Amino acid sequence: MLLRQLEYLVSLARERHFARAAAACYVSQPSLSAAIRRLEHELDVPIVRRGRRYEGLTPEGEVVLAWAHRILAERDALQQELSALRGGLTGTLRLGVVPTALPVASLLTTPFCEHHPRAGVAMESLSSAEITHGLTEFELDAAMTYLDDDTLRHVRRLPLYEERYVLLTPVDGPLGGAARARWSQAAALPLCLLNSRMRNRRIIDECFAADGATAAPAIESDSVAGLYAHLPGGRWSSVISHAWLHMFGVPDRMRVVPLEGPAHGPRVGLVVANSEPQSVLADALLKVARQAGVRDALDELLRTYLKQS
């Protein structure tokens, strides 16, 4: 059994298509198919349910896939540990990040690369469900996500910051001169918010509801960047997480207004799988994160913008 055969199987299970799996592995489709058939022959079990197209894995194939993930993770952990002994970590840290935490990911990835210049980071914007799957299947080394996610099991958690929600509104708008605002007042503004599929939006909707209001945004986006793209110009307001100020700041002729309500939102943190083998790269990121002071940096940033308002 060759490790390459296991890599092909993992790619096929992920892509669910022979041609795409072959392309992801930089081999021809016949080569990938032949390697998996050889793996079936060597293990003496059917692995792939075949028809005119890929139809999934057999029960035996699911067992082989689970072991393939573990064996390849063991291989990666061995390489990482040996590289550390040879004078510094090498390899690529696979980091999943929920979209609303992307604006602050650099507070971890930059010091990580400074501490480990021979290592790299491959960062993906993923949903909470995709992060859970990626950690379980050894496809991610670590993730930045909401720590109260019930689907996260068997992980180590390191809190980074609590989301704080503020109103971003035009200086010449109805609330442009307010010292503070109620959620119900914000709901009456022309709003641009994340869409309802996003965890952040569902949390914000709960805050509106707690003040007896319902937000009806005219513009909805599936990314923070898309939301911010609509704010310059003085027409739209938005309720944002203070963490987004790190990357996007405050557009011209807009100001930050505190919202009355909970002082803190849900916790965002770093999670790594609490299983063997342990990722040396993930452990290195945890060490960096403990020293990064993410919460203090974001709170100080918010205080700076509030003073300017």
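A residue is called buried when its relative accessible area is under 20%, and exposed when that area is over 50%. The structure shown here is a predicted model, and by this cut-off Asn-195 is buried, because its relative accessible area is 9%. Asn-195 is found in the loop that runs between strand E8 (192-194) and helix H8 (199-210). A polar atom of the Asn-195 side chain lies 3.1 Å from the backbone nitrogen of Arg-197. If residues up to four places away in sequence are left aside, Asn-195 touches Arg-201, Glu-220, Ser-221 and Asp-222.

The sheet is an open one of 5 strands, with mixed pairing and the order E4-E3-E5-E12-E6. At its edges are strands E4 and E6, each of which pairs on one side only, and neighbouring strands of the sheet are turned by 20 degrees against each other on average, direction ignored. Strand E3 runs parallel to E4 and is joined to E4 by 7 bridges; in this part of the sheet, Val-97 stands opposite Ser-125 in E4. The residue ranges of the strands are listed below.

| Strand | Residues |
|---|---|
| E3 | residues 91-97 |
| E4 | residues 119-125 |
| E5 | residues 142-146 |
| E6 | residues 155-162 |
| E12 | residues 267-273 |

Helix H5, which spans residues 106-115, lies across E3, E4, E5, E6 and E12, and the helix runs at about 165 degrees to E4.

Technical notes:
Residues numbered from 1 in each chain as written. Predicted model: local features only at pLDDT ≥ 70, side-chain atom pairs only at ≥ 80, totals over all residues. Heavy atoms only, no water. Pairing = 2+ DSSP bridges. Helix = DSSP H or I, 4+ residues; strand = E, 2+ residues; numbered from the N terminus. Axes fitted to C-alpha atoms, helices over the stretch in contact; angles between N-to-C directions. Contact = heavy atoms within 4.5 Å. Buried < 20%, exposed > 50% of the residue type's maximum accessible area, 1.4 Å probe, protein only. Polar contact = N/O pair within 3.5 Å; in protein donor to acceptor, adjacent residues only side chain to side chain.
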